[in-house]
Amino acid sequence: MSVSYIPVQWNGFKHRYNLALALAVGLYLWIFVELGPALLGHASPITPPIHNARAFGSCAFLMMSVILMIGPLARLDGRFLPLLYNRRHFGVMTALVALSHFLFVFNWYFVFTPLPSWEALLFSNTAYDRALGFPFEAFGMFALLALLILAATSHDFWLSFLTPRIWKSLHYLIYPAYAAVVAHVTLGAAQGVRGLAFPALVWALALLVAGLHLAAWRKERGAAAAMGEWVPVCRPEEIEEGRARVVRLAGGERAAVFRHEGRFSAISNACAHQNGPLGEGRVVDGCVTCPWHGFQYRVDDGCSPAPFTEKVPTYRLRLRAGLIEIDARANPPGTPVQPLEAPR
Amino acid sequence: MRARDEFFIGFFPIPPGLRPFLAAIAAALILLFAVAGWFAASTQAAPDEAGFRFDFGRQEVTGVLSLHPYPVIRVTEGSERLAAGRTVMLSGGGKFAPPQVAALDRRLVKAGGVILRRGDLDMLQIGGGERNLSAAEGDAPALSPPERLGRWRLEGEICDGKCAAGAMRPGRGLSHKACANLCITGGVPAVFVSAAPIEGATFLLMAGPEGGPLPPEALAFTAAYVSVEGEIERIGDLLVFRIDPATLRAL
Ligand code: FES
């Protein structure tokens with residue numbers, strides 16, 4: 001966790017994850033670049049740099065779409081969580097594929113020109129006032145810049161350097177970047193293909209991404225916000241051993257009420273690492289374990305076990321009329337709270 | 001320990017209960033990318049049949065050079081592929097006009113280079129240096145004056161003549177717009193690709209209203225399907241379309 005930073009912590013799962021990704025991406029590019037021209041059988045083939053630019057560009061779009069599906073899928077079905085645990089590698093790979101797309105375009109369309117290449121890229125088309133002929137390159141450049149920033153700041157060093165709050169806001173850039181890519185493709189590449197199959201695929205993916213986010217959001221909203229200082233949670237027996245029930249408190253915060261060895265404790269639902277949903281985690285060896293990257297917090301004081309130093313806020317609990325109630329006023333991070341004894 | 005059976009924590013081995021699911025996801029991901037790659041590749045439209053004709057070999061012609069609106073040569077002594085009487089557009093390397101033309105306007109010249117051909121559109125790409133373009137012995141002969149064909153309203157696309165002739169495939173369309181603008185700015189002849197043939201030609205060399213190069217405001221309309229009005233005249237075998245930029249409309 002946070003005691004020291006190792007560039008990348010490798011283990012078997014990461015290796016296999018990266019291998020599957022590299023295989024998928026490599027296969028896509030190989031099929032598009034190598035088999036594509038034969039498959040199409042054009043009398044005058046597409047110029048290779050243009051063909052390559054299209055292969056890498058469309059691949060980057062697909063990668064971005066899949067990355068954006070992982071988050072909501074993991075919320076809807078916990079079995080997808082392992083994919084979330086190394087999304088960072090996926091993101092870095094996507095930035096590299098997008099960068100290759102850019103380089104093919106830049107070193108083909110914007111060289112041997114009357115303007116210096118960068119000027120050519122920025123100013124050769126200024127028809128910002130129309131849809132057909134709009135300088136769609138601008139959308140692509142914004143998205144690439146965003147991807148590169150996200151890739152460069154993806155390591156946990158930056159997370160702690162920037163604080164999780166700022167880091168997380170920065171990484172929301174992925175959404176405007178994705179929207180920009182959809183616009184980039186719609187106004188650019190989608191205009192140069194046969195028929196509507198390609199734009200249809202692009203939009204189907206974009207709608208799927210949006211739909212999954214909507215579904216995950218609705219699922220979360222289902223746990224309606226409760227008001228007041230002491231907020232009822234549920235009956236003790238409704239919480240399984242080692243699991244939690246998440247409550248939304250006034251102000252939008254969430255707390256996770258865990259049952260551990262028959263007693264109840266509540267900590268913030270937001271992991272100190274990247275705001276992962278602790279309430280979807282489990283108690284392992286007396287510690288709440290985050291489902292995203294495995295940070296751990298002791299149930300009764302919200303502190304990571306030594307040598308780690310992360311802390312999350314804790315909450316007081318009480319029993320009223322057979323219901324567990326939670327005090328909506330959070331304790332400062334790391335405050336010990338006596339666990340609530342279950343009735344009988 | 002039941003929870004651990006299917007609860008994944010990154011730094012522990014994958015819980016056995018999750019392994020088949022993750023393996024299936026990995027296989028699905030690889031399959032998805034393979035199918036998507038095949039699908040995306042198969043949607044690529046065929047570029048028009050066009051390109052460099054290195055197979056024709058180097059073409060050397062003599063003729064009268066004209067720089068307005070763009071560099072063309074009116075051939076007086078032809079080669080195997082470019083007969084006398086033709087008017088052939090010229091480009092230099094990259095997105096430029098041939099660098100040597102400036103001093104040779106209206107002079108008799110010898111030019112050599114490689115043809116780019118698309119249908120009835122020929123463009124001669126000329127390299128740098130005297131060997132490829134130089135003044136020829138003698139005065140420029142008198143040539144037939146332009147023949148006026150009146151005012152027209154055409155629909156089609158404004159392209160750069162070099163990419164449209166196959167220097168790039170595809171060398172037309174919206175994703176090629178920035179490149180087309182750069183070529184036209186660099187002095188490569190601008191060409192109107194007409195939706196319907198005009199006097200048998202589907203390509204017209206473009207000019208501004210006074211017969212000079214395309215006015216800058218026309219660059220907003222390149223690469224898209226547009227309609228525009230203007231005067232057409234025939235110079236040798238080449239139609240020249242002097243547009244009225246105020247009439248440009250995106251369709
Ligand atoms: S968010 Fe990364 S471990 Fe919790």
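Between chain A and chain B the count is 0 salt bridges (a side-chain nitrogen of Lys or Arg within 4 Å of a carboxyl oxygen of Asp or Glu). Polar contacts do occur: 11 residue pairs, both at pLDDT 80 or more. A polar contact is a pair of N or O atoms within 3.5 Å; within protein, one must be able to donate a hydrogen and the other to accept it, and residues adjacent in sequence count only if both atoms are side-chain atoms.

This is a predicted model: local features need pLDDT of at least 70, side-chain atom pairs count only at pLDDT 80 or more, and totals for chains, interfaces and linings use all residues. Residues are numbered from 1 along each chain as its sequence is written, chains are lettered from A and ligands numbered from 1 in the order written, and side-chain values use heavy atoms, with hydrogens and water left out.

**Interface.** On chain A, 69 residues are in contact with 56 residues of chain B (contact: heavy atoms within 4.5 Å). The buried area is about 5500 Å², and carbon and sulfur atoms give 72% of it. Buried area is the accessible area (1.4 Å probe) that two parts lose on being put together, summed over both. Elements of chain A that each supply at least two residues to this side include helix 2 (48-76), helix 10 (197-221) and strand 5 (282-284). Helix 1 of chain A gives the most, with 13 residues. By class, the chain A side divides into 43 nonpolar, 17 polar and 9 charged residues. Ala, Val, Leu, Ile, Met, Phe, Trp, Tyr, Cys and Pro count as nonpolar, Asp, Glu, Lys and Arg as charged, and the others, Gly among them, as polar. Helices (H or I, at least four residues) and strands (E, at least two) are DSSP runs, numbered from the N terminus.

**Helix packing in chain A.** The axes of helix 1 and helix 2 of chain A come within 10 Å and cross at roughly 145°. Axes are lines fitted to C-alpha atoms, for helices over the stretch in contact, and angles run from 0 to 180 degrees between N-to-C directions. Residues making this contact include Phe32(A) of helix 1 and Leu62(A) of helix 2. Its classes are 14 nonpolar, 4 polar and 1 charged.

For helix 4 and helix 6 (residues 137-152) of chain A, the axes come within 9 Å and cross at roughly 145°. Among the residues in contact are Phe102(A) of helix 4 and Leu148(A) of helix 6. Here the classes are 9 nonpolar, 1 polar and no charged.

**Backbone geometry.** Most residues other than glycine have a negative phi, and most peptide bonds are trans. The exceptions below concern loops.

| Site | Geometry |
|---|---|
| Ala306(A) to Pro307(A) | cis, omega near 10° |
| Arg169(B) to Pro170(B) | cis, omega about -5° |
| Arg106(B) | positive phi, about 65° |

Pro307(A) is in the loop between strand 7 (296-298) and strand 8 (314-315) of chain A. Pro170(B) lies between helix 3 (161-167) and helix 4 (177-185) of chain B, in a loop. Arg106(B) is in the loop between strand 4 (87-91) and strand 5 (108-118) of chain B.
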